[in-house]
Amino acid sequence: MKQQALTAITNAHIVLETGILWDGALLIQDGKIAEVAHERELSIPSGAQRIDAHGSYVGPGFVDIHVHEALSHTTYYHPEKAADYFLAHGTTSFLATPPYELAFDEFLEAICTAKQAIGRVKSLKGLYMEGPYINTDYGAYAHLNPWRGAIDEAQFKALVDAAGTAARVWTIAAEREGILPFLEYARKVNPDVVFANGHSEATPAQIRSLGKYRPTLQTHSMCATGRHPVPSGTRGYGPDEYCLCEPDVYTELISDSCGIHVHGDMQRLLLHSKGVHRVVLITDSTYTAEAVPEQFAHVTDLNFDDQGGLAGSKLTMDRACRNVMMHTNSGIAQAFIMASLNPARVIGLDDEIGSIEVGKQADLVFVDDTFNVQQVMLGGTMCHFGK
């Protein structure tokens, strides 16, 4: 794949943050977006490589900040193979996500292996640390979670030091005793790190008590969360309610085809409460060989643990976009915001990726009106995938 210094994309519906440019065209110079305009207004230099989009929607490449595995290839031990798999589905940026059930030595190995691939694997942008300091009663394979004891300072310093600034997100449970020293140290090592609350039953008061370290992201909202019990049959409250009430908190959403992770009505509630600019689509893609419970035999995009509980998904971001449109009546432009711009903003990369703007990387995905991926561009180079 030899990159052209100057490339023009024509006959496209360009998906912008503000809407869709129906008769749009793009000019790409040295891997970055140089011009965006109506095709009739764009002067294409002679000698430029021309790519006909054939009327497809051209949007920013997907940014998946929470993804464990691509089929049987982990994003942390096998990032090259995982990157290739997801790239074919339009994901041009992702964070390697080690699972919380890893023991201490395995966590360190996963961190170091993934870090070594950053830069070599173009679409790998860092680490999403889902744990280990979460509530061990929640999530897939919870009974196998080895992090049930007190939070050990020597261990958390070793993990934080190993991850360094590559750790763009740390998921914690705000109710874990002794969590504040971990948060202080993680922020000291990486001042730009994002804290997420997840696998948690923390009350809003417990989350707010973390002060300047309180999370600004919720890990897979409405999944693996509990609520503080209240009397008289009224609804309890917990992390989901905190997220819904706090306007600045982003919320991750796993939108599977049947609304098993998050029911369609609850997805609509999230969008109604948070607005399209605070919802972050993720795949939480994993791999398991466990049997599918009989009641879910018709579902093709879920995984289950050995207890029959949800264990992430088999989603790719193109399918997640299609699903969220189905469940919430969102349009294509809104789906791209949730799958590209919002996750880029969460991890502080929205000045480089996440939307089609002059000066940003030419990471693009060409889709039809139901998000079937037709072509992918990474850094200005068209990708070619084997049959």
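## Cysteines

Cys 321 is buried, with a relative accessible area of 0%. In this predicted model, the closest cysteine sulfur to that of Cys 321 belongs to Cys 383 and lies 17 Å away, which is too far for a bond.

A disulfide is a covalent bond between the sulfur atoms of two cysteines. With a cut-off of 2.5 Å between cysteine sulfur atoms, the count is 0 disulfides. Cys 243 is accordingly in no disulfide, and the nearest cysteine sulfur, in Cys 245, is 9.3 Å from its own. Cys 243 is also buried, at a relative accessible area of 1%.

## Helix 2: length and faces

Helix 2 covers residues 104-117, 14 residues in total.

Five names make up the buried set of helix 2: Phe 107, Ala 110, Ile 111, Ala 114 and Ala 117. Viewed down the helix axis, these buried residues fall within an arc of 130°, so they line one face of the helix. Asp 105 and Gln 116, on the other side of helix 2, are exposed.

Just after helix 2 comes Gly 119, which takes a positive phi of about 100°.

Definitions and conventions
Residues are numbered from 1 along each chain as its sequence is written. This is a predicted model: local features need pLDDT of at least 70, side-chain atom pairs count only at pLDDT 80 or more; totals for chains, interfaces and linings use all residues. Side-chain values use heavy atoms; hydrogens and water are left out. Buried means under 20% relative accessible area, exposed over 50%, partly exposed in between (1.4 Å probe, protein chains only). Helices (H or I, at least four residues) and strands (E, at least two) are DSSP runs, numbered from the N terminus. The expected span of a helix is 1.5 Å times one less than its number of residues. The arc is that of the directions from the helix axis to the C-beta atoms.
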